[in-house]
Each structure stands twice: as structure tokens, then as C-alpha cells.
Amino acid sequence: MNKPIFEMKGIVKEFPGVKALDGVDLKIHQGRVMALLGENGAGKSTLMKILSGVYQKDQGQLIYEGEEIHLKGPKDAQDLGISIIHQELNLIPHLTIGENIFLGREPVNKFKKIDWKKLYEDSEKLLKKLKVDKDPRQKVSQLSVGEQQMIEIAKALSLHAKIIIMDEPTDALTKKETESLFEVIDELRKDEKGIVYISHRLEEIFRMCDDVTVLRDGRFIGEDEVKNLDENKLIEMMVGRKLTEQFPRIEVKKGELALEVKNLSNEYIKDIHFTLRKGEILGISGLMASGRTELAKTLYGVIQKISGEIYIEGKKVEIKSPQQALQKGIAYVSEDRKGEGLILGLSVKENMTICSLEKFEESLRISSKKEKEAVKRYIGHMNIKTPSENQKIKNLSGGNQQKVSIAKGLMTKPKILILDEPTRGVDVGAKKEIYDLINEFKKEGMSIIMISSEMPEVLGMSDRILVMYQGRISGEFSIEDASQEKIMKCAVGIKEA
Amino acid sequence: MNKKVLMKFKSIIGLVVFSFIVSLLSPRFLTLPNILNVLRQTSINSIIAAGMTFVILTGGIDLSVGSILAFSGAVSAYLISSGVNVLLAVVMALVIGALAGCFSGIIISKGKVQPFIATLVTMTVLRGATLVFSDGKPITLAGDKTSEVFSNIGGGYFLKIPIPVYLMVLVFIVSYYVLTQTRMGRYIYALGGNEEASKLSGLKVSNIKLSVYAISGFLAALAGIITTSRISSADPNAGIGYELDAIAAVVLGGTSLAGGAGSILGTIIGALIIGILNNALNLLNVSSYYQMIAKGAVILIAVLSDRKEK
């Protein structure tokens with residue numbers, strides 16, 4: 001193999017409290033497709049952000065055509081011919097295809113007027129090359145997601161990109177669109193472009209990629225040619241770590257049935273069946289966009305079910321809104337603390353009691369004494385580090401914010417607590433504390449659904465594990481039968497033989 | 001004094017310093033009659049601004065307040081001139097104001113229309129309705145068509161203090177109570193701070209939105225009744241541009257147009273600053289054309305200094 005056009009060596013990137021990347025290598029060769037593989041949170045996105053100049057590395061080297069370079073911003077990366085096609089497309093819907101391709105770089109005549117003729121002719125050439133049969137004067141909003149992705153690729157080509165990064169490009173595509181994407185990737189390969197292909201889907205990697213680099217927990221695990229590998233080997237590389245962290249899973253005698261879900265379906269989830277007992281932790285594993293969060297939100301009434309039944313303590317219930325869910329004893333702690341969980345401008349106290357204010361009401365007004373006492377009790381009990389209950393929540397660390405989010409759910413005295421990624425963005429110490437708290441709830445007889453992308457967490461805390469893939473439950477394991485390999489197989493959609 | 005405390009009382013300090021400067025420039029400023037005059041003149045804008053504070057705290061805006069003022073003023077004048085009981089007339093005008101607010105609120109929460117557009121619709125429609133209703137002419141209360149009780153609302157005094165000043169104080173006390181002591185108040189801040197999180201916390205977001213526009217409409221109607229009562233006439237063109245004065249008072253008071261942060265106390269101070277500014281420029285015989293420029297400049301300075309702090 002000839003020398004790589006781009007090489008990342010020993011990349012280290014730290015965020016406050018987390019080492020996101022710890023000595024990661026990546027090689028990109030001209031005319032080859034490099035797969036970048038790893039679980040959620042393995043560091044793929046961070047690495048790509050460094051490659052595209054969005055983040056700056058703390059340590060390590062970037063070598064482009066044999067010379068060490070420094071990327072100070074996305075513009076530097078763009079000038080070098082590095083283009084990234086994000087999972088969420090960055091097109092402007094109300095502009096035409098041509099306007100989008102040349103946005104900010106419109107060809108102009110000598111009076112600085114946009115040369116529309118040239119713009120659309122050039123766009124047409126690019127579209128033809130990608131075999132997209134569309135008029136460049138058409139608005140982007142009228143295109144399908146797959147077609148929009150092609151426009152992004154056209155944009156990359158118009159920038160004379162030598163390196164094209166594709167982040168989970170097939171996630172939103174139909175089978176047919178995926179096929180035509182693969183044809184385009186083949187073309188790009190023939191054109192001597194260097195391609196980085198990020199995907200969870202193993203079959204795509206065997207189908208499309210020449211080499212593969214595996215990351216795990218921010219570390220470089222290995223690089224090899226795809227032809228030397230098989231699925232089992234890859235899965236082992238992805239998950240093959242020891243359970244280093246201590247998970248204090250406790251045995252609690254399971255109580256009666258708390259929740260039963262039958263046939264639950266809507267546009268995100270299909271035919272979901274499961275049961276949950278008192279004092280049980282049900283782990284839900286699966287990759288991003290597998291429908292885990294959507295399942296939780298359907299139970300919580302944020303997303304409406306189309307069919308199916310939900311029984312709480314044997315009684316059939318209809319849940320159409322979060323209010324109703326809370327009344328029926330279901331609380332949900334969102335994975336997106338800042339977007340959906342907390343109100344950043346308000347205080348610890350105000351956030352914690354927002355779901356349960358009526359409990360502190362005395363003849364039309366909130367009893368500030370009662371409220372303060374309750375909040376202080378939770379602050380003490382959950383060991384939330386804050387100067388006072390009146391501190392704005394945005395000034396707290398991730399772990400403490402998460403504890404407030406959980407406390408907010410707890411204050412409603414739920415029978416069923418749904419925790420969506422309860423330790424995301426939380427440092428190790430606070431993680432342990434959160435695990436201890438979850439176990440305490442379990443001891444008190446609460447039923448807990450814990451959605452998590454972190455395999456050790458799921459295996460270390462749950463009594464039973466469901467795995468989701470494309471909106472369906474693709475596997476169910478008791479903790480005794482579960483293993484990382486089995487879960488990962490179900491999560492990437494490989495049927496058990 | 002510690003800096004934090006200083007920051008907290010910045011707007012009050014600003015108000016005091018500002019008043020002090022004005023009193024140096026015009027000896028008439030710090031006389032009791034003039035102070036009462038300022039308070040009475042401020043009452044209309046500050047009552048509207050109190051309602052506007054509720055709306056802006058949720059991240060919305062209400063452009064319809066001036067039209068609601070004119071419409072409910074016309075309704076109250078018409079009812080009273082037709083011999084309807086004063087209390088009934090006043091209550092009906094207030095209810096109509098609240099309903100007009102509900103109308104905006106429904107367009108916003110159910111129709112998912114931006115507050116700016118929805119209240120622009122209400123503003124336009126109600127202004128037209130007022131002109132139709134009054135045939136484009138002021139409805140005047142005179143002779144046997146008037147009512148002494150009614151004219152006292154805007155023009156009367158109690159213990160030498162104008163009645164509208166009492167009403168203003170009452171509105172602020174109740175607003176303060178609702179915003180700081182009740183669930184409703186907490187929910188308003190939560191909604192303005194993060195709508196998605198509020199929904200997921202089980203708040204009835206559309207009811208809250210509806211309520212704040214109803215409150216704003218109700219208070220605009222109250223301002224309409226005071227205006228009509230004071231001059232014994234309901235002008236169909238009354239209240240044009242009042243929404244901007246109210247928004248200015250709210251923003252001067254440090255409430256964020258993005259919602260979720262601010263206070264009703266700030267709004268009082270904002271309204272007073274605008275009132276004193278108008279009064280001072282009048283006392284100093286500055287033409288009303290220049291007054292507008294000065295008002296714009298003061299708002300700009302206040303908002304910029306607020307921005308720097310953040």
C-alpha cells in the first residue's frame with residue numbers, strides 16, 4: 001500500500017472531566033475507503049471534528065502529504081480539501097441545489113453580479129457526475145434525504161475535496177438510495193479520493209470499505225484490511241474490554257408486575273412487548289437511532305402510540321401526554337439534559353420541583369418553606385454539590401445536573417422511573433454515585449428502565465436486558481445469559497444462528 | 001458595598017440617579033403635584049407593561065395591547081352611554097380584553113403561529129373592529145350619558161392620590177404575587193426558559209400560553225377603561241404605539257425578550273424611567289419630536305449596559 005495522504009498520530013483530546021481521545025491513530029489512503037468503527041461514545045465524532053478543524057487536538061500529529069500541519073479552524077481543513085458530510089445535513093432548504101452547492105463561493109462576473117449561468121452549468125456537471133437526475137434550479141426542500149446527501153457530496157466535490165468524511169451516511173436512506181450512494185462511493189474511490197466511512201452497520205463495512213480502524217473508549221484498538229477480518233472479530237474489537245468499573249448490582253427479590261407493554265407500535269417503534277417488575281432494573285441497549293429513546297417517549301406520552309396496550313399494575317392505561325404519564329406514576333429523565341431535561345436559566349430548586357409543585361402548594365401559593373426543605377433533603381441525600389438551592393443550574397457540573405434531573409423525576413414519587421442515558425457526560429466519580437442511587441431506588445421497590453449505550457453499565461446494573469434494532473426488540477437476555485458479544489450482535493442486527 | 005448587590009439594584013440606582021439629575025435641572029420636578037402627575041401618567045403604560053411582562057417571560061410578545069385598549073374603551077363608553085350599570089360595563093370591557101388575549105393565545109398555542117404574527121392579527125382586526133363599532137368617531141360621555149362613578153376610575157382621587165395610581169400599585173402587587181409565589185408564575189418562567197423541557201416536565205404549555213395573553217389582554221382593557229374614564233371619551237384611535245412603550249418598559253426593566261428571565265419589579269422601574277423621562281423633557285420644554293429621540297437613546301443605553309454585564 002502506498003503512503004497515506006493523511007495521517008493522524010497519537011491524537012489526544014480532553015474535555016473537562018473526560019478524556020475523549022487518548023492516543024488515536026488514523027490513516028487515510030487515496031483511492032481507499034477507511035471505515036471508522038466503534039460504539040457510541042468511542043470517540044469517532046470527536047476524532048472527525050479534529051480532522052475537519054472544528055476541534056483542536058491537545059496532543060498528537062496531523063500529517064498531510066508527508067508534512068505536519070495544524071488546523072486552526074474548519075476553514076483550514078476546507079482549504080486542504082477535507083470535506084465532512086454530517087449526519088444532519090447542512091443544506092438551506094429554501095435555496096436551489098446550485099445555490100447550495102456554491103453557497104459562499106458563487107461565481108461572479110466582473111461587476112460582482114452572480115454568474116447564474118456558470119453556477120448552474122457547473123452544478124449540472126457535478127450532478128451528472130454523481131448520476132443525480134435533478135435540475136440544479138430545483139429547491140433543496142423538494143429533495144429526499146438521499147438526494148440531499150448527494151448534494152452535500154456534490155458540494156464536497158466542488159470544493160475539490162481530496163478527503164471526504166461520511167458520518168453514518170446511510171442512517172436515513174432507503175435501500176435504493178443506499179445502493180446509489182455506494183455506487184457514488186465507488187466512483188469517488190476510482191477518482192483517487194480518500195474516504196472515511198463511519199457506520200455501525202457491519203454489513204456495509206464489509207461491502208464498501210477497504211480498511212477499518214476501531215476505537216473504543218477513546219482509545220485506538222486496531223487497524224486492518226477488511227479482507228483480513230470477519231464479523232466476530234470486528235465485534236470483539238469493538239466491545240472486547242474488561243469490566244473495569246465497579247458496578248454494585250444488588251439482588252432484590254422481584255415484586256409483582258409493575259408494567260406490561262403489548263404490541264406497542266408507532267412510526268418509530270414496532271411491536272414492542274415487555275414486562276417490568278417492582279424492584280427490577282430493565283436495561284435497554286441498542287445503537288443510536290435504534291428506537292430506544294422513542295420507546296421511552298412513547299411510554300411517557302411525548303410520542304403518541306398508534307397501536308398497542310400499556311398496563312400499569314395490571315390496569316390498562318392510556319397515556320397521551322407527560323402530565324398523564326406522571327399522574328399514572330411514570331417519570332422520564334431525558335438523555336438530553338440541556339435540551340429537554342433542565343431549564344438552564346432557573347435555579348436548582350426551581351428545576352427540581354417543576355414536576356411536583358402542587359405538592360408544595362398551600363392555598364394558591366407555593367410554600368417556600370416546604371419546597372426548600374424538600375429540595376434540601378434531596379440535595380443532601382443525593383450529595384448534589386451546589387452552593388445553595390438557589391444556584392442557577394447551568395453553573396453545576398454535568399454529574400450534579402444529572403442528579404437534579406433524577407431528583408426532579410423522583411419528586412413525583414414514580415412507580416416506574418425511565419432513565420435515558422443516566423450517566424452521559426458525567427465524570428467517573430459521579431457515575432458511581434448515580435449507580436448507587438439507582439440501586440437504592442430498586443431496593444425501595446421502584447421499577448427502573450435504564451436506556452444506555454454503555455455496555456458495561458447495562459451489564460453491570462440490569463436484571464434483564466432488551467436490545468433494540470431499527471425500532472424493534474431484537475433480543476432479550478436475562479443478566480445470566482447476557483454478554484457484550486451477544487448484545488452487540490443484536491444491536492447491529494445480526495440474527496442469532 | 002459588594003459588587004453583586006450593586007448589580008442587583010443597578011436599575012433602582014439608575015432610577016434614583018436619573019431622578020436626581022432631573023431634579024437639578026428642573027426645581028419643579030420634585031414637587032408633590034408633579035410626582036403624582038408622573039405616577040398618574042405612568043399608570044397606563046405600566047399596567048400594560050405588567051401584562052406584557054407575563055407574555056415576554058414566556059418568550060412571546062403582544063402587539064395587540066393598543067388595539068385592545070381602544071376596543072375595550074369603546075365598549076365601556078358605549079355601554080355606559082346606553083345606561084348600563086357601571087360595574088357591569090367595566091366587567092364586560094375587562095372580559096372582552098381577556099377574550100381578545102385568549103384569541104391570540106389560541107392562534108399561538110393551537111395554530112402554532114409565531115406570537116408576533118398572531119398578535120399582529122389581533123391588533124389589526126381589533127383596530128378595525130373598534131373603528132367599525134364607533135363609526136370612526138370618539139364615543140363621548142357627556143350630559144346625562146355620563147356617570148360620576150365611571151369618571152372617577154381615571155380622573156378621581158383618594159387621599160389626594162389619583163385612583164389610577166392605586167390601580168397600578170394593585171396590578172403590580174398581584175402580578176408580583178402570581179409570578180413569584182404561585183405555580184403559574186413558576187411555569188411561566190419555565191416555559192420561557194425551555195419549552196421542550198417544560199413539556200417533558202408535564203406542564204400544560206398551551207394553557208400557560210393562553211393564560212399570559214389573556215392576562216395581557218385583561219390589563220390592556222383595564223388601561224383602556226382608565227383612559228376612557230379620564231377623558232370621558234373613547235377615541236377609536238387611542239393606544240396606537242402603546243405596545244412599543246410597554247415593550248420598552250419591560251426591556252428597560254431587564255427582562256429578556258428570549259423569555260425565562262426577568263422580573264415585574266424591573267418593569268415598574270422601566271415604566272417609571274420612561275415616565276420620568278417624558279415628564280422631565282416636558283418640564284424642560286423639549287419638543288416632543290426630540291423626546292422620541294431621547295427615549296430611543298435611553299433605551300439603547302440601558303439595554304447595552306445590560307448586555308455588557310452578561
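These legends go with a handful of close-up views of a predicted two-chain model.

**Notes for every view.** The model is predicted, so local features need pLDDT of at least 70, side-chain atom pairs count only at pLDDT 80 or more, and totals for chains, interfaces and linings use all residues. Residues are numbered from 1 along each chain as its sequence is written, chains are lettered from A and ligands numbered from 1 in the order in which they are written, and side-chain values use heavy atoms, with hydrogens and water left out.

**View 1. Where chain B meets chain A.** Here 20 residues from chain B and 28 residues from chain A make the contact (contact means heavy atoms within 4.5 Å). Together the two chains bury about 1,900 Å², with 56% of it on carbon and sulfur atoms; buried area is the accessible area (1.4 Å probe) that two parts lose on being put together, summed over both. Look for R183(B), R186(B) and L200(B): they supply 39% of the area that chain B buries against chain A, more than any other three residues.

View 2. The rule finds four salt bridges across the interface of chain B and chain A, a salt bridge being a side-chain nitrogen of Lys or Arg within 4 Å of a carboxyl oxygen of Asp or Glu. One of them pairs R186(B) with E350(A), with the closest N and O atoms 3.9 Å apart. On the chain B side, the elements giving two or more residues are α8 (163-181), α9 (183-193) and α10 (195-200). Helices are DSSP runs of H or I with at least four residues, strands are runs of E with at least two, and both are numbered from the N terminus. The largest share, six residues, comes from α9(B). By type, this side of chain B divides into seven nonpolar, eight polar and five charged residues; Ala, Val, Leu, Ile, Met, Phe, Trp, Tyr, Cys and Pro count as nonpolar, Asp, Glu, Lys and Arg as charged, and the others, Gly among them, as polar.

**View 3. T182(B), in the loop between α8 and α9 of chain B.** Is T182(B) buried or exposed? T182(B) is buried, with a relative accessible area of 10%; buried means under 20%, exposed over 50%, and partly exposed in between (1.4 Å probe, protein chains only). Its side chain reaches the backbone oxygen of V178(B) at 2.6 Å. Leaving aside neighbours within four places in sequence, T182(B) is in contact with L364(A), I366(A) and Y177(B).

**View 4. Strand β21 of chain A and its two partners.** Strand β21(A), residues 464-469, is mostly covered, as five of its six residues are buried. On one pairing, β13(A) (residues 281-286) runs parallel to β21(A) over five bridges, with I284(A) partnering L466(A). Two strands pair if DSSP finds at least two bridges between them. On the other, six bridges join β21(A) to the antiparallel β22(A), residues 472-478, where R464(A) stands opposite S478(A). β21(A) and β22(A) form a hairpin with two residues between them, and Q470(A) in the turn has a positive phi of about 50°.

View 5. Strand β14(A) (residues 307-312) is joined by five bridges to the antiparallel β11(A), residues 257-265, and V261(A) stands opposite I310(A). β14(A) also pairs with β15(A) (residues 315-317), antiparallel over three bridges. The hairpin of β14(A) and β15(A) has two residues between the strands, and E313(A) in its turn takes a positive phi of about 50°.

View 6. Over all chains, the count comes to 40 salt bridges. In chain A, D271(A) and R472(A) meet at 3.7 Å, N to O. D271(A) sits in the loop between β11 and β12 (272-277), and R472(A) in strand β22, 201 residues apart. D271(A) is partly exposed at 43% relative accessibility, and R472(A) is partly exposed at 41%. In chain B, K295(B) and D245(B) meet at 3.2 Å, N to O. K295(B) counts as buried at 18% relative accessibility, whereas D245(B) counts as partly exposed at 24%.

Note on methods:
A polar contact is a pair of N or O atoms within 3.5 Å; within protein, one must be able to donate a hydrogen and the other to accept it, and residues adjacent in sequence count only if both atoms are side-chain atoms.
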